[in-house]
Amino acid sequence: MPSSTVDPADPVFQLHRGGKMAVLSTVPLTSREDLSLAYTPGVARVCEAIAADPSLTYEYTWASNTVAVVTDGSAVLGLGNIGPRAALPVMEGKAVLFKQFGGVDAVPVCLDTQDVDEIVATVKALAPSFGGINLEDISAPRCFEVERRLDEALDIPVFHDDQHGTAIVVLAALRNAATLLNRKLGDLRVAVSGAGAAGVAVTKMLVAGGVDPQRVVVCDSRGIVSRQRDGLTGTKVELAELTNADGRQGDITEALRDADVLIGVSGGQIPEAAVAGMASGGIVFALANPTPEVHPDVAARHVAVVATGRSDYPNQINNVLAFPGVFRGALQARATRVTESMKVAAADAIAAVVAEALTPDAIVPSPLDPRVAPAVAEAVAEAARRDGVACA
């Protein structure tokens, strides 16, 4: 019986009926000869060649251009822990974005477990079918361990998009915003609202890109992350050691006092008075969806540049600017992992696409800009070769 939440006339449900993707053959199957080449007996010769030299997998199977989009359904969009079946429409969507923008084939893999050991073991067992693993919508702090352990265990790229995709686009946008305002990244005082997967990755990416970590303050739901606080998780202990050189304590209002930049990746609401306490000529990236931490119209009263995660406002910080090109480049280079410099290269490439035409309402390219993914792919592949992680 259909759910009462389903409206068959709703164009959203109409579009999703039957799913958003399918598997298509890349070879003809119209004759007996075709069958003998694509399947038995011809396929056996390819199998024997790969058994003798496993590296041939990348030349004679789909693995050279295919990633698994893996989730446990624990942190899906703004919906939270809705489980693997309810996450499947999102993973299908991610897969079609991979294909549309990066020319990369992707397969949704929704796991019916939220146990770290089981997730790691399952993905390791599935890995021979793929050239890369895109982790998606896995909640913190488990996502950190899942990615770390898979990165250590596998010789293919592992990339948690909620962390690194967001961080790459944030760095690109901040680089261009700083250029527009004639500021240097190293001089900016930055407040990050949110110390989950995205907040941690954004902080580390900004530091890798040139922001002074001692001029960064990170807040979680309890306030400023500092060395003086008790009960910090291992990841937050690292943040406390890396950031907040002034030893600030208190809430987001204190974190924003005289700050040049606010980056919101928390979903919590930030009062206008706190934004008003920022330094003049500031920058606000309020990225929570669907409700930004501070409404963009409110932020615009107090700062010079505003970005959100929404498509109905200028300067959308959208992960689709990053992950298709990152994997396209990593697969082209046959990279064994994704390094920090590959991520920075991706951010620089995104920023460069619109660097000659910056305005306060255009500090990042449109997600539909066809120049982005090829530019990111080229930059990522080149960085992989510089870092010595490329096999091609």
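This report describes the sheet, the aromatic pairs and the salt bridges of a predicted model.

Six strands make up an open sheet with mixed pairing, in the order 7-6-5-8-9-10. Its edges are strand 7 (223–224) and strand 10 (305–308), each of which pairs on one side only. Strand 8 (residues 261–264) and strand 9 (residues 283–286) run parallel and are joined by four bridges. In this pairing, leucine 262 stands opposite valine 284 of strand 9.

Helix 9 (residues 197–209) packs on the sheet and touches strand 5 (190–193), strand 6 (216–220) and strand 8. The direction of helix 9 makes about 160° with that of strand 5.

## Strand 6 and its neighbours

Strand 5 and strand 6 also run parallel, with four bridges between them. Valine 190 has valine 216 in strand 6 as its bridge partner. The chain passes from strand 5 through helix 9 to strand 6, a β-α-β crossover that is right-handed.

With strand 7, strand 6 pairs in the antiparallel sense over two bridges. The two strands form a hairpin with two residues between them. Here cysteine 219 stands opposite isoleucine 224 of strand 7.

Strand 6 is largely enclosed by the rest of the structure, because five of its five residues are buried. Val216, Val218 and Asp220 point one way from the strand, whereas Val217 and Cys219 point the other way. Both sets are buried, the aspartate included.

## Aromatic pairs

The whole structure contains four aromatic pairs. In one of them, the ring centres of phenylalanine 98 and phenylalanine 327 are 5.5 Å apart and the planes lie at 75°; the pair is edge-to-face because that angle is over 60 degrees.

Phenylalanine 98 is buried. Phenylalanine 159 is buried at 1% relative accessibility, and phenylalanine 327 is buried with a relative accessible area of 1%. Phe98, Phe159, Phe323 and Phe327 form one aromatic cluster.

## Salt bridges

Side chains of opposite charge can pair when their charged atoms come close. The model holds 22 salt bridges. One of them joins aspartate 117 to arginine 149, with the closest N and O atoms 2.8 Å apart. This pair links distant parts of the chain, 32 residues apart: aspartate 117 is in helix 6 (residues 116–126) and arginine 149 in helix 7 (residues 142–153). Both residues are partly exposed, aspartate 117 with a relative accessible area of 48% and arginine 149 at 24%.

Arginine 227 and glutamate 241 form another salt bridge, at 3.9 Å from N to O. Arginine 227 lies in the loop between strand 7 and helix 10 (234–242) and glutamate 241 in helix 10, so the pair ties together parts 14 residues apart in sequence. Arginine 227 is partly exposed at 42% relative accessibility, whereas glutamate 241 is exposed at 52%. Arginine 310 meets aspartate 312 in a salt bridge at 2.5 Å, N to O; this arginine is partly exposed, with a relative accessible area of 24%.

Methods. Residues numbered from 1 in each chain as written. Predicted model: local features only at pLDDT ≥ 70, side-chain atom pairs only at ≥ 80, totals over all residues. Heavy atoms only, no water. Phe/Tyr/Trp six-rings, centres within 6.5 Å; stacked < 30°, edge-to-face > 60°. Buried < 20%, exposed > 50% of the residue type's maximum accessible area, 1.4 Å probe, protein only. Pairing = 2+ DSSP bridges. Contact = heavy atoms within 4.5 Å. Axes fitted to C-alpha atoms, helices over the stretch in contact; angles between N-to-C directions. Right-handed = clockwise from strand over helix to strand, strands pointing away. Salt bridge = Lys/Arg side-chain N within 4 Å of Asp/Glu carboxyl O.
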